[in-house]
Amino acid sequence: MIELLLQGVLLGGLYTLFALGLSLMFGVMRLTNTAHGDFIILAAFGALWLAALGLNPWLANVAVLPLAWGLGYCVQRYVLNQTLGKDPVPSLVVTFGLSIVIQNALLETFSADPRSIESHGLNTLSWALTDSLSVGVLPILILVIALLATLGLQWIFEKTRLGRAFRAVSDDPEIAELMGLRSKNIYALATAMAFVLIAVAGVLQGLRTTVAPADGPMLLLFAFEAVIMGGMGSFWGTLAGGMLLGVTQQLGFRFDPGWGVWAGHCVFLFLLLLRPQGLFPKTR
Amino acid sequence: MFPGDSNIVLHTRDLKAFYGDAQALFGIDFEIGKGQAIAIIGANGAGKSTFLKALAGLVKVQATAVNWKGQDIGGRLPSEIVRLGLALVPEGRRLFPSLSVQENLMMGSESQRKGPWSLERLFNLFPILQEKRHQPSTSLSGGQQQMVAIGRALMSNPELLLCDELSLGLAPLVIREIYNALPEITAEGMSVVLVEQDVSLAQQMTQRLYCLQEGRVSLQGISSLLSREQISQAYFGQ
Amino acid sequence: MNHILENQFAVKRGHAYTGFLLVLAGLVVSGAASLPLWAESSWMHEFVQIACYFIFALMWNLLAGYGGMVSIGQQAFFGLGAYTMLILGNFWGVNPFVAIAIGGVVAGLVSIPVSRIAFRLQGGYFAIGTWVIAEVFRLSFSNLSLVGGGAGTTLTALRGIDKASRESWTYWIALLCVVASIAIVFVFLRSKRGLALLAIRDNPIAAESQGIAVGSMKLAVYVVAAFGAGLAGALYFVGNLRISPDAAFSVNWTAFAIFMVVIGGMGRIEGPLIGSLVFWLLSKFFSDFGAWYLMGLGALAIFTTTYFKQGLWGYAQQRWGWSLFPTQRRLVFLAGPKT
């Protein structure tokens with residue numbers, strides 16, 4: 001039982017990383033990026049591609065991050081900014097279109113085979129906690145990164161000038177403009193940050209297990225469930241949501257391999273019915 | 001015609017404004033000099049708020065419609081206009097609910113203009129704000145929120161302050177407290193445009209007055225010289 | 001001067017060509033009904049395919065364009081209608097053609113409890129939430145060994161009929177479904193309920209203040225859209241004979257519907273019609289290009305949404321005032337003011 005919970009929490013760490021970028025983009029600009037999961041996969045393939053070009057694999061993993069920053073900034077500035085407004089349809093359609101384009105572009109370039117990023121044994125290393133209990137080093141690392149990322153985001157939002165700008169623009173973009181903020185720029189910065197988180201999640205996913213071009217939508221749904229269950233407007237909430245999803249799925253997997261993901265979906269829908277505002281919503 | 005004419009900092013010529021297909025302003029001519037306080041009065045829907053929004057860039061107008069210190073600034077982005085020295089205290093306060101009092105004030109300094117206004121000076125002007133500086137802005141009373149809104153605009157060190165219905169929803173005592181601060185605000189030569197529902201207050205606090213009626217200027221003149229009859233005719237239109 | 005305003009204006013919905021177009025439509029449908037007598041069997045199969053795409057898109061459009069609810073999970077009802085038809089046909093001996101209608105009804109009924117959960121969310125989150133629900137359906141049926149689990153199964157109920165008859169009947173049922181779907185949506189939108197829907201779409205709070213029951217209207221649209229999706233799903237697999245959860249509950253259905261509606265035009269009946277024809281043409285000529293074809297569709301959808309928001313038919317309507325299925329109301333003055 002303890003082992004199950006532990007595995008769930010570790011999985012939750014990964015799901016939190018999937019979810020933080022989504023939470024950030026929705027928090028600042030009410031934008032739902034249906035290509036979110038596909039960008040995670042794209043980042044993983046990006047690292048693979050850079051390594052294939054001859055770059056040192058570990059350097060490749062890190063190099064994806066600034067590239068993700070640039071991509072996020074440009075995607076928001078030149079494509080997604082046009083879709084923002086009262087109507088949710090344009091952003092949904094455009095990001096859905098992006099999802100299809102990315103999946104198929106990856107399919108053309110890399111074929112449908114699942115691949116993983118070379119971890120040189122890191123993904124098999126384990127650490128014995130007790131005589132009967134041991135955990136993987138990589139999952140622990142992922143959890144630590146997730147915690148740091150959550151802490152970091154929370155700190156940026158609460159204590160920095162950029163975070164203040166994010167909150168202002170999220171509250172009232174018109175009045176934020178009146179203060180001298182250029183919302184187009186702020187939105188682009190938010191997406192740039194979100195994409196860095198997405199890249200981190202993608203690389204870690206690739207290290208931990210395999211990635212394939214069609215994996216994106218599944219990851220989007222996990223990220224989404226973590227955000228909603230945790231409660232909107234709070235990064236710690238997203239962490240809690242990720243944990244809950246991880247534990248639920250582990251319980252489901254233990255029951256029967258076919259029921260793991262299904263269990264997560266069902267708990268999500270159940271929680272939505274009973275407590276739609278999530279576990280730790282920030283009151284606005 | 002009026003002392004200080006040569007010091008006109010802002011004038012509008014034939015300013016027209018639309019909300020979609022509906023025309024709200026039909027050609028407003030307006031001017032204000034350095035250090036002047038001018039009031040704009042009129043019934044609801046006359047276009048007073050629209051006029052201020054047009055000056056601040058929230059409503060698009062023709063480039064030549066608004067001239068600030070020799071430059072045509074009509075239709076520019078609000079973020080550019082505040083950098084040029086015009087600041088709007090919006091109707092209904094519109095503070096940022098997710099930010100504390102102090103953070104709201106700090107937002108005002110995003111335009112990074114140099115000048116005499118700072119957090120300390122604002123706290124001197126409105127001491128209650130210092131007491132509540134870390135509280136969420138939504139927890140303050142109406143009058144205190146109005147102080148924050150004014151302070152936020154002042155933090156951008158404007159040369160022209162646009163105030164949209166400062167007294168809306170406030171008790172007379174609170175209104176007086178806010179307007180008492182006005183002389184200190186304009187002491188260094190800041191110009192002020194006051195949109196006001198309360199006509200006698202508007203006449204008291206300003207040197208000149210414009211009256212808008214259905215999107216047009218129906219009356220303008222020296223505040224202290226305009227009679228009750230003149231104003232009410234212009235207000236309601238005959 | 002006395003102005004008597006009574007009887008001086010009327011609200012009209014049709015236009016000069018309405019009568020002509022109705023006759024034309026009647027001719028087209030009769031002509032289409034005769035197809036099995038003279039056309040190749042592949043044509044009929046194609047038509048059934050297009051019919052399913054069209055009905056699904058029409059219903060998705062009703063939900064999004066008129067109900068204001070963008071769903072990425074309508075495939076849940078598509079697959080549910082299909083599997084209902086399959087179970088009734090294979091295990092209860094129900095005539096599959098009849099089972100198509102039942103499939104639609106079951107999908108419509110199931111959408112009622114589903115809406116209790118789905119309606120907890122709004123906007124973009126509603127869209128993804130419906131996707132989760134569709135995934136639950138897919139995974140559930142994948143684990144149902146009765147219908148072959150993840151591998152799927154075949155529709156055995158039509159084994160007794162010869163190929164030609166089966167294809168003809170499938171074709172006629174498809175034609176019937178298309179006409180019925182258009183009729184349902186057209187009548188619905190022309191009615192007062194349609195007007196109410198438009199009001200809700202534009203401003204729900206104002207609509208509520210005018211006495212429109214926003215909640216039950218939204219539910220009504222959701223149920224009708226689910227019924228239509230279920231109908232399309234059941235029809236598709238009668239035409240296809242082989243079913244699997246991944247095919248029946250694939251998100252690609254919604255992707256194609258979105259594409260058709262975006263290209264054709266949102267919020268109009270003619271839009272999905274144009275869109276499904278364009279989609280069918282594109283797939284005829286370019287689907288061999290596989291991944292490139294899909295990338296092209298995606299890029300086209302992005303381009304159209306950004307620069308051509310109203311879609312092809314919307315553009316035609318704005319530019320030239322065309323309208324095939326008029327649902328808009330125009331105020332017409334009958335005579336000059338009396339003095």
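Modeller: A nonpolar core is a set of buried Ala, Val, Leu, Ile, Met, Phe, Trp, Tyr and Cys residues joined through C-beta atoms within 7 Å. Buried denotes a residue with 20 or more other C-beta atoms within 10 Å of its own, exposed 12 or fewer, and partly exposed the range in between, with C-beta atoms placed from the backbone. The model is predicted: local features need pLDDT of at least 70 and side-chain atom pairs pLDDT 80 or more, whereas totals for chains, interfaces and linings use all residues. Residues are numbered from 1 along each chain as its sequence is written, and chains are lettered from A and ligands numbered from 1 in the order in which they are written.

Colleague: Which residues touch the most other members of the largest nonpolar core?

Modeller: The largest nonpolar core holds 263 residues. Helix α8 (residues 183–208) of chain A gives the most to this core, with 18 residues; helices (H or I, at least four residues) and strands (E, at least two) are DSSP runs, numbered from the N terminus. The residues that touch the most other members are Leu162(B), Phe56(C) and Leu235(C).

Colleague: Which residues does Leu162(B) touch, not counting residues up to four places away in sequence?

Modeller: Contact is defined by C-beta atoms, placed from the backbone, that lie within 7 Å. On that basis, the partners of Leu162(B), not counting residues up to four places away in sequence, are Leu52(B), Leu55(B), Ala56(B), Leu86(B), Ala87(B), Leu88(B), Val89(B) and Val193(B).

Colleague: What share of the residues of chain A counts as buried?

Modeller: Chain A has 11 helices and 2 strands, and its C-alpha trace spans about 60 × 50 × 35 Å along the principal axes. Its radius of gyration is 19 Å, which agrees with the value near 19 Å for a compact globule of 284 residues. Among contacts in chain A with a separation of 6 or more, 74% join residues 24 or more positions apart. Of the 284 residues of chain A, the share that counts as buried is 56%.

Colleague: Where is the kink in α1(A) centred?

Modeller: Helix α1 (residues 2–29) of chain A reaches 40 Å from its first C-alpha to its last, close to the 40 Å expected, that is, 1.5 Å times one less than its number of residues. Of its 28 residues, 22 are buried. The kink is about 30°, where the bend is the angle between axes fitted to the seven residues ending at a residue and the seven starting there. It is centred on Ala19(A).

Colleague: What is the phi of Arg30(A)?

Modeller: Most residues other than glycine have a negative phi. Arg30(A) lies in the loop between α1 and α2 (36–52) of chain A, and it counts as partly exposed because it has 17 C-beta neighbours inside 10 Å. Its phi is positive, near 55°.

Colleague: Is Lys69(B) buried or partly exposed?

Modeller: Lys69(B) sits in the loop between β4 (66–68) and β5 (71–72) of chain B, with a positive phi near 50°. It has 13 other C-beta atoms within 10 Å, so Lys69(B) is partly exposed.

Colleague: How many of the residues of α3(C) are buried?

Modeller: Helix α3 (residues 41–66) of chain C reaches 36 Å from its first C-alpha to its last, close to the 38 Å expected. Just after α3(C), Gly68(C) takes a positive phi of about 75°. The helix is largely enclosed by the rest of the structure, because the number of its 26 residues that are buried is 19.

Colleague: Which chains share the most contacts?

Modeller: Chain B and chain C do not touch, and their nearest C-alpha atoms are 16 Å apart. There are 2 pairs of chains in contact, and the pair with the most contacts is chains A and C.

Conventions:
The radius of gyration is taken over C-alpha atoms; the globule rule is 2.2 Å times the number of residues to the power 0.38.
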